[in-house]
Amino acid sequence: MSTSYDFKDLQRRMDGAISAFKSDLASLRTGRASSNLLDPIMVSAYGSQMPINQVANVTVPEPRMISVSVWDKQMVGAVDRAIRESNLGFNPIVDGSNLRIPLPELNEQRRKELVKIAHQYAEQARVAVRHVRRDGMDSLKKAEKDGDLSQDDVRSRSDRVQKLTDDTIAAIDAALVEKEAEIMHV
């Protein structure tokens, strides 16, 4: 097993955790409409769970309105239900095969709820990064046990994995602070 590949793979997986976290943050609203707000919503369609953008077209016709055009008229109820049950606080208005979602002004209580959700997303990302670190450390221990690496090599590479982990978690924390400020900005 090549060690440079090992670190590149760990870096790739940690970067994946950051990008998933940033995608989750983009789905939190900050007072203006965005088609990304509905990205985390999964719709029960055709016997499986599908992202909303695979059963409908999501657009933003106005700054405080999201429009969802469902492609299959039979799916309108399922899309409506998924949006209402998403815990995002949206109440869609059904208009044929279209759903209009007006975005109310964010009050202080809702802003605090959104910050809590952002903190949950950050913790999920940190846990994902820690899992990657654990996998990296386990592979180093296995390499040492198999006799592929000396104790000194394992120690220096473990330090490198830990530094990579610390840097990634710092990036997650920085993105969280930035999003929290954006949410709380009136």
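Modeller: The account below begins with the sheet, moves to the helix on it, and ends with the salt bridges.

Please bear in mind throughout that this is a predicted model. The sheet is an open one of four strands, arranged in the order E3-E4-E6-E5 with antiparallel pairing. Its edges are formed by strand E3 (56-62) and strand E5 (93-95); each has a single partner strand, so one side of each is left without a neighbour in the sheet. On average, and with direction ignored, neighbouring strands of this sheet are turned by 25° against each other.

Strand E5 is joined to strand E6 (residues 98-102) by three bridges, and the two run antiparallel. Within this pair, Asp 95 stands opposite Asn 98 in E6.

Helix H2, which spans residues 76-84, packs on the sheet and touches E4, E5 and E6. The direction of helix H2 makes about 20° with that of E6. Which residues of H2 are buried? They are Val 76, Ala 78, Val 79, Asp 80, Ala 82 and Ile 83. These buried residues of H2 pack against E4, E5 and E6, and also against strand E1 (42-45).

When neighbours within four places in sequence are left aside, the residues in contact with Ser 67 are Asn 57, Val 58, Thr 59, Pro 61 and Leu 99. Of these, Asn 57, Val 58, Thr 59 and Pro 61 fall within the range of strand E3, 56-62, while Leu 99 falls within that of strand E6, residues 98-102.

I turn now to the salt bridges, of which the count comes to eleven. Because Asp 80 and Arg 84 are four residues apart in helix H2, about one helical turn separates them. Asp 80 is buried at a relative accessible area of 15%, whereas Arg 84, at 41% relative accessibility, counts as partly exposed.

Helix H3 (residues 108-146) contains another such pair, Arg 126 and Glu 123, which are three residues apart and so separated by about one helical turn. Their closest N and O atoms are 2.9 Å apart, and the two residues form a salt bridge. Arg 126 counts as buried at 15% relative accessibility, while Glu 123 is partly exposed, with a relative accessible area of 34%.

Asp 146 is partly exposed, with a relative accessible area of 45%, and Lys 142 counts as exposed at 51% relative accessibility. Finally, salt bridges that share partners join Glu 123 and Arg 126 with Arg 130 and Asp 173 into one network.

Note on methods. Residues numbered from 1 in each chain as written. Predicted model: local features only at pLDDT ≥ 70, side-chain atom pairs only at ≥ 80, totals over all residues. Heavy atoms only, no water. Contact = heavy atoms within 4.5 Å. Pairing = 2+ DSSP bridges. Axes fitted to C-alpha atoms, helices over the stretch in contact; angles between N-to-C directions. Salt bridge = Lys/Arg side-chain N within 4 Å of Asp/Glu carboxyl O. Buried < 20%, exposed > 50% of the residue type's maximum accessible area, 1.4 Å probe, protein only.
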